[in-house]
Amino acid sequence: MDGHEFLAERFEENRSRLKAVAYRMLGSTSEAEDAVQEAWIRLGRCDDRAIENLGGWLTTVVGRVCLDMLRSRRSRREEPLGTGAPEESAPGPELGGRPEADPEQQALMADSVGLAMLVVLETLDPAERLAFVLHDMFAVPFDEIAGVVDRTPAAARQLASRARRRVQGADPVADPDLVRKREVVNAFLAAARDGEFEALLTVLDPDVVVRSDIGAGGAGVPDLVRGAAAVARQAMMFAPFARSSRRALVGGEPAVIATGEGQRFSVMIFTVARDRIVEMSVIRDPSHLPGLDLAVLDV
């Protein structure tokens, strides 16, 4: 076995881990493949004899590549939420050409992360996302993360800590008003799950308004619904989504991430006043997620 074959074999031993890192960073299987491909190219350009820990070196390189991709994506204001669906891309020079995407592997990868986690990861600053993913998910030391984000180890630790608080929806000081709002939203979800029309009416303001970012072109859902009875009927139609919902906060207001059919999702933001829901904003377009101050409460 020559040196190139030996290096390729060692690279293959790390491929699964590298793809897992890249997928959690980018939320897209094809972009994750591209990041791993770039790591292989960079490995071929360096003196591998000087690398003491190949796995650590490759993880760091993939992290740096993903960070650059996230920053470039943000600068173009193009931040799609990948859900593991196959995406077309041309074969690269990776070890004789990139293998065809395995739908089963893509599904397993998406399930292992969880849609709600991907949603909240999309809202993190690229450096925060990298620090959180590398440290909390893959146990990379902060000394190594610091070199990727060009910060001190202490600063890298702070990045991961901020990201962790947002992911966990940490709220060190309980806000009684927010607690009551969440109770109202919970009552709405329970009534929607059970199909209880009258119970829905009790938590909806008579003039409640629901606004959606996708109108008639999105599964026939109108972009504006007004009135408690109309909103209650719509809520009962989407009971399956309520059953798989996860609580969240957006800008400090109660919200829900609802999923269905494996990949479809929506983020619903509630405005509560006088113990009634007076407005709901429904976001179904992933491109509208950037800029949301979103934290998942039950990942």
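Trainee: How are α6 and α7 oriented to each other, roughly parallel or roughly antiparallel?

Mentor: Start with the angle between the helix axes. Over 145 degrees counts as roughly antiparallel. In this predicted model, α6 (residues 126-138) and α7 (residues 142-149) pack at about 155°. The two helices are therefore roughly antiparallel to each other. Their axes lie 10 Å apart, and the crossing is right-handed.

Trainee: Which residues make the contact between α6 and α7?

Mentor: Read each side of the contact in turn. From α6 come A127, L130, A131, L134 and H135. From α7 come F142, I145, V148 and V149.

Trainee: What is that contact made of, by class?

Mentor: The tally for α6 with α7 is 8 nonpolar residues, 1 polar and no charged.

Trainee: Where do nonpolar side chains tend to be in soluble globular proteins?

Mentor: They tend to be buried together. Now the case here. The largest nonpolar core has 58 residues. Those that touch the most other members are L43, L130, I145, V267 and L294.

Trainee: What does L43 touch?

Mentor: Leave out residues up to four places away in sequence. Then L43 touches L7, F11, D48, I51, L54, W57 and L58.

Trainee: How many residues are in the second core?

Mentor: That separate core has 24 residues, including V225, V231, V256 and V282.

Trainee: Back to α6. Is F132 buried or exposed?

Mentor: Look at relative accessible area. Under 20% means buried. F132 sits in helix α6. Its value is 6%, so F132 is buried.

Trainee: Which residues is F132 in contact with?

Mentor: Set aside neighbours within four places in sequence. The partners are M117, L121, M137, A160, A163, R164 and V167. F132 and R162 are 30 residues apart in sequence, with 8.7 Å between their C-alpha atoms.

Trainee: What share of contacts in the whole protein joins residues at least 24 apart?

Mentor: Take contacts between residues at least 6 apart in sequence. Of those, 64% join residues at least 24 apart.

Trainee: How many helices and strands are there, and what share of residues is buried?

Mentor: The protein has 12 helices and 7 strands. Buried residues make up 48% of its 299 residues.

Terms used
Residues are numbered from 1 along each chain as its sequence is written. This is a predicted model: local features need pLDDT of at least 70, side-chain atom pairs count only at pLDDT 80 or more; totals for chains, interfaces and linings use all residues. Side-chain values use heavy atoms; hydrogens and water are left out. Axes are lines fitted to C-alpha atoms, for helices over the stretch in contact, and angles run from 0 to 180 degrees between N-to-C directions. Helices (H or I, at least four residues) and strands (E, at least two) are DSSP runs, numbered from the N terminus. Angles under 35 degrees count as roughly parallel, over 145 as roughly antiparallel, 65 to 115 as roughly perpendicular and the rest as oblique. A crossing is left-handed if the near helix is turned anticlockwise from the far one by less than a right angle, and right-handed if clockwise. Contact means heavy atoms within 4.5 Å. Ala, Val, Leu, Ile, Met, Phe, Trp, Tyr, Cys and Pro count as nonpolar, Asp, Glu, Lys and Arg as charged, and the others, Gly among them, as polar. A nonpolar core is a set of buried Ala, Val, Leu, Ile, Met, Phe, Trp, Tyr and Cys residues joined through side-chain atoms within 4.5 Å. Buried means under 20% relative accessible area, exposed over 50%, partly exposed in between (1.4 Å probe, protein chains only).
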